[in-house]
Amino acid sequence: MSKLGKEKFLRKHFSNMSLKSIKNDDYIIGKFNESELSFLTNYFLGFGEHIKILEPEQLKEAYVNKLHDILDSY
């Protein structure tokens with residue numbers, strides 16, 4: 001996550017999420033229910049290029065699929 005991504009996270013995040021710094025890199029750590037997948041996908045889209053989803057794979061795939069859907073609408 002970039003510095004701007006960290007700032008965005010600090011402005012608005014949820015109680016099931018926390019920020020963890022490892023070797024000068026910041027990560028969002030948390031848990032979610034499958035019913036929240038669409039909501040979280042849209043939440044992370046708001047970070048734009050300032051975030052990269054590494055795991056879980058289910059969230060990563062939903063995020064990439066949503067990006068493809070957005071591109072396909074143009």
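Reader: What volume does the largest pocket have, and what makes it a pocket rather than a cavity?

Author: In this predicted model, the volume comes to about 470 Å³. The name goes to an open set of points, whereas in a cavity the 1.4 Å probe cannot get out. The largest one here is called a pocket, so its set of points is open.

Reader: Which residues line the largest pocket closest to its centre?

Author: Tyr27, Ile28, Ile29, Phe44 and Glu55, out of 20 lining residues. E2 and helix H2 (37–45) each give two or more residues to that lining, and E2 has the largest share, with six.

Reader: How do you know that E1 and E2 count as paired?

Author: Pairing takes at least two bridges. Strand E1 (residues 17–22) and strand E2 (residues 25–30) have six, in the antiparallel sense, so they pass. One example is lysine 20, with tyrosine 27 of E2 as its bridge partner. Two residues sit between the strands of this hairpin, where lysine 23 takes a positive phi near 50°.

Reader: What is tyrosine 63 in contact with, beyond its neighbours within four places in sequence?

Author: Thr41, Phe44, Leu45, Gly48, Ile51 and Ile53.

Technical notes:
Residues numbered from 1 in each chain as written. Predicted model: local features only at pLDDT ≥ 70, side-chain atom pairs only at ≥ 80, totals over all residues. Heavy atoms only, no water. Helix = DSSP H or I, 4+ residues; strand = E, 2+ residues; numbered from the N terminus. 1 Å grid on protein atoms, 1.4 Å probe; cavity = no way out; pocket = protein on both sides within 12 Å on 5 of 7 lines; lining within 4 Å. Points joined across faces, edges and corners; volume = space filled by probe spheres on them. Contact = heavy atoms within 4.5 Å.
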